[in-house]
Structure formats: C-alpha cells, structure tokens
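Let us walk through this model one region at a time. Keep the sequence and the structure side by side.

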Amino acid sequence: MNKHVSPKMNRRAFVIGTAAVGTGLAIGLDLPFGGPAVVRAADGSPEIGAWVVVRPDDTVVIRIARSEMGQGSLTGLAQLVAEELECDWSKVTTEYPTPGQSVARKRVWGDFSTGGSRGIRSSQDYVRKGGATARVMLIQAAADAWKVPASECTAASSVITHTPTGRTTTYGKVAEAAAKLTPPADVKLKDPKDWKVVGKGLLRLDTADKTNGAMVYGIDVKLPGMLNAAIKDCPVFGGKLKSYDEAKVTGMKGVKKVVKVGDTAVAVVADTWWHAKTALEALPIVWDEGENAKVSSESIAKWLAEGLNDDQPAYVGNKNGDAKAAIASAAKKVEAVYNYPYQNHATMEPMNATAVYTADKCEVWCGTQNGEAAFAAVLEASGLPAEKCDVHKVMLGGGFGRRGQTDYVRQAVMIAKQMPGTPIKLLWSREEDMAHGRYHPITQCKMTGAFDANNNLVALHYRLSGQSILFSLRPEALQNGMDPAAFQGVAQTGEAAFGYSVPNLLVEHAMRNPHVPPGFWRGVNVNHNAIYMECFMDELAQAAGQDPLEFRRKLMGNHPKHLAVLNAVAEKIGWTTPAPQGVYRGIAQVMGYGSYVAGAAEISVTDGNKIKVLRIVASTDPGYVVNPAQVERQIAGSFVYGLSALFYGGCTVKDGKIEQSNFDTYNSMRINEMPKVESVMVPSGGFWGGVGEPTIGVAAPAVLNAYFAATGKRIRSVPLRDQNITFA
Amino acid sequence: MANLTINGKTFTLDVEPDTPLLWAIRENAGLTGTKYGCGIAQCGACTVHIDGVAMRSCGVSVSEAEGKKITTIEGLASGATLHKVQEAWIAKDVPQCGYCQSGMIMAVAALLNEKPKPTDADIDEAITNICRCGTFQQVREAIHTIASA
C-alpha cells in the first residue's frame, strides 16, 4: 500500500462514477447488498458512523467536510479522526461527502464552510468524536465475535487485541459487523498529552498528484460532451448589460452559442475555452454602466477621509475610560492617519465551475470553500429542489476567502440552464478574475495617542473609516448596524482581542461602503488593523523615547498570551543585541482567529527605497498544534501573502472599474524576494486557534517598522509600489 | 491542423496555428497538468520544456512549437520512475494548493539540468514563478536537497 494515498483518487473515482450513473447520491442510500441499517460508501464498504468507512483490506476512508485549498486541513482533520480511531495511518485515505448527501442526512457532517481559519478549530471536537465512535463500534464487534467483554479489548494501528488471550483481528475484518451496531451515545476523547498522531508533522495526504499533473482542479474537470464558456460581466460594479452583437461572432470557429447571464453579463459558449475567449473578445458589447462609473479611488479616499472626523457618526467597538477627555488634557499627543487599499485574492486558478442542467437534475463540479453555500447557489440558480441538485467539490487552486463566494457557481448554472443536458465549464480569464473580485475592504484610520508628563500612554483613540464586509455579504450579522468584525485585532474580548491595556481607550468605525464589493480576503480585517495599530505603537514608542519592544511590554501586563509570542520572536531575532551593520529590525504582534501571533523582520535599505528582507521570525500560540509542519507552512505562506499585498498589491478604481488586470499590474512576490521564515510555535493548550490567517497581520507592520528604523521615515500608506519603494 | 510532439507522442490536433501552446496542450491534447494562470507569461503556471528549455506555454504559439520536443508535467517521469524533482517535492511536502507546482517543477527540472548544483543566487534568477500560497521556502530547500544528493 502506498504510504501517502491520494484522496483525489477516491474523489475522482467518485466524481466519474456518479457522473456516469447520473446521480450524486451514492453514499447515504441503503444499497441492496447490505443490511438495511448499514450505510455504504460508493464502493460498497460499510460506514462506521458518518466519518469513517473501513474497507476489507483495512483501508480507512475518513470523510472530510471542509475544503482543502492548500492550507493542509484535509490532512489535519484526518489526523484528528485517526488519533481517536487508533487506525494505521499508512492506510488512511480521505473523501469529500457532497453537500447534497449531507442535506439528505440532516447535515450529519456539520458545517462545510472553510474560512476564518476555522477548518480545524470549529470541527475538531465532533470529528474526534467520529473517530472515537468508530473505534468503540469496531472493538465491540470484535468482542461480540469472541464473546468477551469489550473492556478486555484494545485497539492500535487498526488491530484489535483481546488482552487476556492475545487473540487479534483487524478493523477490515470486523467492519461489516461493526456497521450494524448502534453507535455509543457518548464517547470519551483522549487527553491531549496522550496524542500520538495529532501534534506530529506528518506529510500531507494529497501531495503525490500535485507533482505529476494528475490532481483535478475545477479548471481540469472533463465531462462527456462538455462545452466551454468564457464570460464578461459589466466592468463597473452595479452596471448592466445593455446589448451585444451576436452576429459578429456566431460564425467564428467553435462558437456554439452566445448567452446573456442575468442582467449584467454575457458569455460565449464554444467547443474549447480558447475559442470561447477569442470570440468573447471579438464580441461588441454595450454596457449600461450607471452612476457608479463616476466613482474613482480619489472620490472614495475623500469620502473615507471625511469619516475620520469626529463629527461624523461612528460605531464604538471597544471603549474604556474617556479617551477624548484624556487626550484633550494630555501633556503630549501624537496623531497619524494610515490607509489600506482594496486587494484581489488572485488565486492562481481563476474562478470556474462546471454545471449540467436538465429539468430533473442540476449538478456542479467546482472548487469551493463552502460546499453548502455553493449547493444553495445551485438550488437558487437552477430553480430545482435540493434532492435534484448537488455539488461535487474538487481541489481548489487557492482560495484565500475568494471561493467562499458563489457568484461563479451561479453563473455556470445560469449558462447551463440555457443549454439543457450539455455540461458547461465556465472559466474566468485572469482579467475577469481581477475585474470581479470580492476585494479586501478599503479603510483609513486616524489614531491619536496621549501621554502624561512622565511619558506614560494615558489615552488612545483609534478611528477607522471605511468598508464593512458584513454589510455587503452577511447583513444579518450586523449588530444594530455595527460590523463587529471590523474590530478584529482591536476588540475588547473574543478571538481577536486587543493586546494592550490603555487607561482611556476609544475604538470606533465610521462605516462607509463604496460600490466595490468587499470580501473575506485571507486575514480579513486583522490585516489593516494590525498595520495601523502596530505601526502606530512604534510611533508612540518613538514619541515616548522608548524601545518599541519595551514600550509594548509595559502595556501588555494583562495580556500574557499576547506578550508570550512577542517575547518569543524578540528572543529569537535577538532584539536586545545590536543588529549587524546596515541591518534594521521591526516587530509586531496581534491576536486573530483565536491565535496569538507575533513577527519580527530584519531588513536592509539601499537608496532609501530598495528593501531587502533578510530575515523573518514568527511566533504563534494557537492553543494546540495538530500538524506543526503544516502550521509552519501556513506561517511562511502568510508572510508571502501579506508582503505581496504590502509591496505589490492594491487595486485602484477608475470610472467605477478596477484598474489592475493581471499579474503585470498586480504583482506577487517571487522566490528571490522571500527570506526563510523562522517559526517558533508556543502552543499553550486549553484552546483552539486558527493558523491560516493571523500571521498575515504582523507581516507588513514588522517590515514597515524596520523600514522606519532604517530610514527614519514612516510609511502610512499601502502598497509600497505607489510610493516608489520596492524590493532590492 | 498541427502536429505536436508531446511527451514523446505525436498529436495531430485541430487547432489554428496562432493558438497558444498552453490551450492546445490542455484542451486539444487533453493534458491538463499544465495550468493557466495569467495568459501573459507572467506567472509561470504553464511552464513546459520545449527542446529542454523551460518556456511559458501561454506565450508560445502552436506554429512555433511544431517540430519541437515538448515535455509537460505528465511526461517528466520515466514511466513509473519519478523525476528527482518530483521525488523531492513529495519527500519535502512542497506543494500547498499545488496549482502552480506543475510549472514550478518544470522550471526547477530545467534549472537542475543546466546547473546540477545551483546556488541560492542561481535559484533566485531562474525560478520566477508565482506561488500565492507561498511555498518558496520549501521549493528552495527541496532544490538544495536534490543538489546535495
């Protein structure tokens, strides 16, 4: 047995199998070759509870509800199940249940949503219970066969042993009998100190096919008779499609049909995508751009700047004492205004989905971070009921929050609905992907700090102005109009709590929502809040004439976990010893997604504007670490994502449209610009934090603070591209 | 119609001569391991070998590729024997989402063919592929592992 079995093999077999028989519901049906109570996988192997299927050859198939997009949760979740199951890790493989199956079984696999660094932390308890439940049932089946008490039996590495007699059997041999048992009402989970599989940096389960071209992403889905679609949506958000001259392209090679997609878009369907895209570019289109065509980056910036004024309404997100009064009577005050731009997720794989629609069934194959949201989009766009719809998830070529949205799924169904029975693969060009993102929200922030005569920080006023993601995407989550997520990293309590104690504090948000659609962009609101707060902390330290680390430490006495990660990076980078000649350091910390993170950077600067990042140290306390090798990769990747945004990112608006169109105008870091990231994991236990996102928050401020140390210049605006600062 | 030699096989494909090689490989030859990322030779996801040289196939037309030896990620291994870059990628757990890695692996294989023991500076110069997940650290480590084997 191959040690690193690819789950894709199962998924692919599953996808092809279900496509061939025209049903997406293989698992969950009572198939004729088992007892009535036994639920079987597509290959007939029995389920031992919803999370585990055991094959006769002892292969264990672990069900994964969350999506794998590179972050490693698929492997981590399998480790959690395997830990409790006591199975042979070398025989573990995985498969995705479909959202349709889950709905048909009363959401037995829980939430499918894979965002907010929640993949592991919000399902770790019930997936571990799934593993433990299966173990108890398998042991009971063996005990029943031996006619001995289950308490005399133990399981390890998929082998069950009757301790008094030394008799053994395997999971594969008792699986059929185990599947017929009633699951235990309650199971006890292991004490973390007894973990053997969890906590190990095991190799990922999905690597092999990513090295030979065999992994199937959404863009690679092939169905018999499939046609390809290229699409253009009105480049001005909120604008509409007025008309198009179909006759100009109908004779072009491979073109099958030109279709209107809702009120805003037009698509060309052709034999190949290249033909579809070529014809789409030749298609004369008239847009009704509407009022939003008057909006520009300048007009947005002006509107947001107004929101920084105290006379404008704002929501209060965190408060103690009376910051305004304390500032008014302070011995010294410091003020600064920062801003952060729109950012596109720029997943390497542009948005795409493949849909087949008939009056009786609508199925979609796509990469999605939220299978259930995609499923809901299919229901809505097809007009068919849940039992006639399904979504088959495939590997995502990057997600970063973008594939939590379902606009591309809806479009694919709307096109397929106009060509019933023909599978349609809709693929966005990179240009379409850049023009129709769900962008990191745009904000500005005015901060005022006040000191007493002894240089103690007595007040801080943190006033954000700008866009709310929840207002646009999840208005039901607003609290009397306020977006609580806007305060990620500067909140009073919770999973993104502020790490400093200031006697008089006022944190507020003047919500201003331009027409550009915002989205959850990896790190989300932690990103700009961490830049604003951590760069301003350095400004305050400078004003007080104190070392940036020491200044922070004095404010962190009541925040020991925040302080511990900050201390860990300070120690690792050698903060208290002088940096080499020409090397400058910066430091930052933040809490996000339930984890405490800190980062420090060493840089050199030539000609005042060419930055070489020489060294990065990062520390994380996520409570528990399921797979340290993957956490390390998430931390390092977070710096690549965060520093790409700092140096090269930023989407600007002109005539209501996004100006950047591809990687030539929206660049991303390359290997020569990225130093090694030295990770220090300090899991303190007792809580579960996420790791995919929080570190992005400290990447930019660590470098910006180092830039100040090197040059004496504060950078208060992102991206650096616009200030003629680049990598050396 | 065009005749392309891909991974040692001849494909007679119904494509226009100005079709980018990337799309002929993906849609006409049906080899989807080579990925589309930008279409303007910026990101490197579509990197293949043309007569042994790493090229961005979105920027090469079918007519330019005719008569040349094209190798895609599917043709990198020798039968069941993986290429040393593929082996190292698995041993070092390099890919995250993996979408850029076909191109990354092809670029690295070409570099190692030219310079079996590349320095960090050689890597910096030759490997210019975009990876949004940020696997650069593992890419560099894996290259050095191969070079020191």
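The tour covers a sheet, a helix and a core.

This is a predicted model, where local features need pLDDT of at least 70, side-chain atom pairs count only at pLDDT 80 or more, and totals for chains, interfaces and linings use all residues. Residues are numbered from 1 along each chain as its sequence is written, while chains are lettered from A and ligands numbered from 1 in the order in which they are written.

Start in chain A. Strands pair if DSSP finds at least two bridges between them. Strand 1 and strand 2 (residues 60-63) of chain A run antiparallel, joined by three bridges. In one of these strands, strand 2, Ile62(A) is the bridge partner of Val52(A).

Now turn to chain B. Helices are DSSP runs of H or I, at least four residues. A residue is buried if 20 or more other C-beta atoms, placed from the backbone, lie within 10 Å of its own. Eight of the eight residues of helix 1 (residues 21-28) of chain B are buried, so this helix is largely enclosed by the rest of the structure. Trp23(B) and Arg26(B) are among them. Just after helix 1 of chain B, Gly30(B) takes a positive phi of about 75°.

Last comes the core. A nonpolar core joins buried Ala, Val, Leu, Ile, Met, Phe, Trp, Tyr and Cys residues through C-beta atoms within 7 Å. The largest has 279 residues, and Ala267(A), Val268(A) and Val703(A) have the most contacts inside it. Helix 17 (residues 696-711) of chain A gives the most to this core, with 11 residues.

Terms used:
Helices (H or I, at least four residues) and strands (E, at least two) are DSSP runs, numbered from the N terminus. A residue is buried if 20 or more other C-beta atoms lie within 10 Å of its own, exposed if 12 or fewer, and partly exposed in between; C-beta atoms are placed from the backbone.
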